[in-house]
Amino acid sequence: MASKRGFFRGSKPVGPRHARGSRQWRGVLHEYADRLDVSKATPVVTLGEGGTPLIEAHSLSEMTGLRVFVKFEGMNPTGSFKDRGMTMAVTKAKERGAQVVICASTGNTSASAAAYAAYGGLTSAVLVPDGKISMGKLSQAIAHNAHVLQVKGNFDDCLDLARDLADNYPIHLVNSVNNDRIEGQKTAAFEVVEVLGQAPDYHFLPVGNAGNYTAYHRGYSEEARRGATNRIPRMFGFQASGSAPFVRGERVKNPDTIATAIRIGNPASWDLALAAQADSNGYFGEIDDAGILAAHRLLSQTVGVFVEPSSAISVAGLLERSEAGVLDKGATVVLTVTGHGLKDPAWALKNADGSDAQPTKVPIDSAHIAQVLGLGSSS
Ligand code: F0G
């Protein structure tokens, strides 16, 4: 029942997290209990995920002649959108009596699985590719006491192993091949519709396994069916050039990109994503690593939103499609930025030319500092 949730279209200028009065946002399973497979008896495992800000990106709107909003999913409890799906997956695992959960991950899924398992009193095991996971993400899984297993292989090898183990041993798979994950993640589309009053014309997001691409499309489609929006957006998914199976039209054997979160050659949601693309008149594009890092800098410097490199591909994709002249002028666009910049901060410490960005060293001397800042002499 909309009036019972924490934000109200057409009332005060509020975002999902800013409930009327002092009520705390309760996480997506409680907030959207009417649209998810949960009952009063379901043992909900929540860390308060969802209700993330939808930020109007004036600089990007000016650059493109569109109305651009950024859905900042780094504001979730473990710093990525994975928490929306993980609250559902771990809750349903618990409801079905599972004691151990497992996932393959480029880092964010494992951080999220480890945190929700810890809160829910389950054991977690995570399979991560050797050396290709950021330190921030690895530290999260270790902090939450997951069994962290580093596999001599890439993400696709890890997912094959996780599926095999879940098929043959008493261990519950929480990758997005588990539909519970997609179900939880679709709530992000509910929030967008609720804040904008309808779906945007275009939705841009990074694509790895394409679970999130599938989830947003499902969420928007459900909103359209219940009459909350009279349209669904064209879904624009972007992959890194060295790791772009949807663009190539086939699996990529040795995916490579600095955007480690989306370094995936064999997307798990291949068929679902192609169906979502067809249904929404969508698009899959690619951006090279230099383009990803330039967008990362632009987003940090002009929108004030710090993301991990993979997330910046939404911005790079928007600029690329805008320059190609294929987007309708004045259209409303939502960009999902999927993970927080603190997950993988090393990229912020590089200048555009690849050199190290260093703070300016100054003495304990205000006149000197004023000079460095170009403030002239004191008055
Ligand atoms: N952005 C970030 C920050 C991610 O971590 C991921 C996926 C994606 C985008 C792509 O989402 O797979 O639904 O298309 N990360 C997974 C992981 C693979 O293990 O954390 P997708």
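Predicted model: local features only at pLDDT ≥ 70, side-chain atom pairs only at ≥ 80, totals over all residues.

Colleague: Okay, strands. Which way do β2 and β10 run when six bridges join them?

Modeller: The general idea is that strands of a sheet pair through backbone hydrogen bonds, either parallel or antiparallel. Helices (H or I, at least four residues) and strands (E, at least two) are DSSP runs, numbered from the N terminus. Two strands count as paired if DSSP finds at least two bridges between them. Here, β2 (residues 67-72) and β10 run parallel, joined by six bridges. Look for F72, which stands opposite V337 in β10. β10 also pairs with β7 in the parallel sense, over three bridges.

Colleague: Can we zoom in on one residue? Where does H203 lie?

Modeller: H203 lies in strand β7 (residues 202-206), and its bridge partner in β10 is V334. With a relative accessible area of 0%, H203 is buried. Contact means heavy atoms within 4.5 Å. Leaving aside neighbours within four places in sequence, H203 is in contact with several residues, including Y216, Y220, F236 and T336. A polar contact is a pair of N or O atoms within 3.5 Å; within protein, one must be able to donate a hydrogen and the other to accept it, and residues adjacent in sequence count only if both atoms are side-chain atoms. The side chains of H203 and Y220 make one at 2.8 Å.

Colleague: In what order do the strands of the four-stranded open sheet come?

Modeller: The order is β5-β4-β3-β6, with parallel pairing. β5 and β6 (172-173) stand at the edges with a single partner strand each, so one side of each has no neighbour in the sheet. Between β3 (residues 100-104) and β6 there are two bridges, and I102 stands opposite L173 in β6.

Colleague: Next, charges. How many salt bridges does the structure hold?

Modeller: Side chains of opposite charge can pair when their charged atoms come close. The rule for a salt bridge is a side-chain nitrogen of Lys or Arg within 4 Å of a carboxyl oxygen of Asp or Glu. The structure holds 21 of them. One joins K71 and E191 (2.7 Å, N to O). K71 is in strand β2 and E191 in helix α8 (residues 187-196), so this pair ties together parts 120 residues apart in sequence. E191 also meets R84 in a salt bridge (2.9 Å, N to O). That pair links distant parts of the chain too, since R84 sits in helix α3 (residues 82-95), 107 residues from E191. Both E191 and R84 are buried, and K71 is buried at 1% relative accessibility.

Colleague: Which residues are linked in a network of salt bridges?

Modeller: D34, R35, E223 and R226 are.

Colleague: What is the phi of N145?

Modeller: Most residues other than glycine have a negative phi, and most peptide bonds are trans. N145, though not a glycine, has a positive phi near 70 degrees. N145 is in the loop between α5 (135-143) and β5 (147-151) and is exposed, at 65% relative accessible area. N281 also has a positive phi, about 55 degrees, and is found in the loop between α11 (270-280) and β9 (283-287).

Colleague: Last one: is L373 buried or exposed?

Modeller: L373 counts as exposed, at 58% relative accessibility, and is placed in the segment after α14 (366-372).

Conventions: Residues numbered from 1 in each chain as written. Heavy atoms only, no water. Buried < 20%, exposed > 50% of the residue type's maximum accessible area, 1.4 Å probe, protein only.
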